[in-house]
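Me: Please examine the structure shown below with regard to its charged side-chain pairs.

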Amino acid sequence: MPVAASAIYFLNLRGDVLINRLYRDDVGGNMVDAFRMHIMQTKEMGTCPVRQIGGCSFFYMRISNVYIVIVVSSNANVACAFKFVVEAVALFKSYFGGAFDEDAIRNNFVLIYELLDEIMDFGYPQNLSPEILKLYITQEGVRSPFSSKQPLERAVPNATLQVTGAVGWRREGLVYKKNEVFLDIVESVNLLMSSKGSVLRCDVTGKILMKCFLSGMPDLKLGLNDKIGLEKESEMKSRPIKSGKTIELDDVTFHQCVNLTRFNTEKTVSFVPPDGEFELMKYRITEGVNLPFRVLPTIKELGRTRMEVNVKVKSVFGAKIFALGVVVKVPVPKKTAKTSFQVTSGKAKYNASIDSIVWKIRKFPGQTEATMSAEVELISTMVEKKSATRPPIQMEFQVPMFTASGLRVRFLKVWEKSGYNTVEWVRYITRAGSYEIRC
C-alpha cells in the first residue's frame, strides 16, 4: 500500500489553514485543530516529522513559510508520503514560476484544487509529472513578481497517450538536427587507511549520468563489463566472451525508464530515455577497487616545540592520464606558530582556520610522485602535553578518463524506427569522496 492519505492540509506558520483537500471520510474535519494544538503550539515542529494523535498519523514538512501536512488513519508508507510532498511542491513551482510560499498559494487557489484532484485519487498518488499534467491542465498560475523563470513551452502531442502510456517520461514528436547521446560515469572513492598503510575501509559509489538529444522514440541498450551481465550474455551466445576485467556491482538502482523485466532476464540495461539530462543508475562497489593515489606520511615530533612532516603522494593510474585539482590537507596542532615548506610540485601553505597544512597541485601526471617536507614550530606552553589522536590526512582530487571500479562501457546502441545516425560520447570521472589517511 503506498500512502492512502485521508487528507492533506497547507498551513502557514501561525497554523491557519490556507487550503485543504479531504480524500477519505475516515477522519474528521477538526484533525487540523489537533495538529495545531499538540504540535505547533507545543513548539515540537522540529523534533520528528511523524506524529500520532488520536489514532491518526500526521506527516508534515515545512517548505518556505508553509507547512504541508498529510493525515492518514492507517499504517502507511512514510517515505512514499514525503516523496509525494517533494514531487507535489516541484509541480506547484513549475506552475507558479519557481515560487512556493503562502502568497503563491493564496494567488492560485483554483489551480491548486485542480492539481490536487489529479495528483491523488482516494488517497493514492497518481501522476505528478509537470510535463504531462501541463498537456491537459493548461491554466497558467499567478507568478510571483520576483520570479525570473520563463514559462515552459507547451507541447501538443496526444495527452491521453502520455498519461496512460508506458512512456510517461518522454513526449512524442521530438526532432533534433543532430542526434547525440552524452554518457558520464562519475565515481567517488571512499578510503580510510591506517598509519601503517593497511586499508581499513574502501568502496566506490558511482552514478551514470546521461544527456540525450534524440529524435522520435528511441530504444537504447547499454552494455557494461559487469560480471552478471557478461555471464548472461555468454550463456545466450553459448560461447565465452573475452572482454578483460569484469566487476561486480552492488546496490544498483535504476531510473524509472529502465526495463526491469528485460534486465532481470537478459541482464542488459534497456530503456527509452527521457529528453535532456537525467541519472540512469547508481551503484556501489566494494571489491577490486583501484586506488588512484597512495599517500605515505611521516610525522616526527622533535621536542615540545618542533615537528617535522613529510608526505609522499604517488599516482597509480596510467602515465597518459592527469589528475586535476589535487589537494592534500595535513592537520597540525592548534598552537602552531610558524611553518616552512619544501615541495617538489605545487604549492603549500598553512591555513590557521582549519589547523592544517594545505598542499595544492593543479595537475598531477600518472605514474609519478610528489613530496612535501614541512617544519612546524609550536608555541611553548607550561601545560603538560597530552597524547591525542591526530585527525587523518584528507585528500581531494579529480581524475578524468579513469574509474576506480574498473567499470567500462562495452557498447551503447541506439535504435529508432526512422534509422537515423547517432553520435555517442562517453566520459569517465573519478573524484575523492572521503579519502582519509591516518597519521
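Me: How many salt bridges does the count come to?
Reply: This is a predicted model, in which local features need pLDDT of at least 70 and side-chain atom pairs count only at pLDDT 80 or more, while totals for chains, interfaces and linings use all residues. Residues are numbered from 1 along each chain as its sequence is written, and side-chain values use heavy atoms, with hydrogens and water left out. A salt bridge requires a side-chain nitrogen of Lys or Arg within 4 Å of a carboxyl oxygen of Asp or Glu. By this rule, the count is ten.

Me: Which residue forms a salt bridge with arginine 106?
Reply: The closest N and O atoms of the pair are 2.9 Å apart. Both residues lie in helix H3 (residues 102-106), four residues apart, about one turn of the helix; helices (H or I) are DSSP runs of at least four residues, numbered from the N terminus. The partner of arginine 106 is glutamate 102.

Me: Is glutamate 102 buried or exposed?
Reply: Buried means under 20% relative accessible area, exposed over 50%, and partly exposed in between (1.4 Å probe, protein chains only). Arginine 106, at 39%, is partly exposed. Glutamate 102 has a relative accessible area of 13% and is therefore buried.

Me: What is the N to O distance in the salt bridge between aspartate 184 and arginine 427?
Reply: Aspartate 184 is buried at 17% relative accessible area, whereas arginine 427 is partly exposed at 42%. Their side chains meet in a salt bridge with an N to O distance of 2.7 Å.

How values were computed. Helix = DSSP H or I, 4+ residues; strand = E, 2+ residues; numbered from the N terminus.
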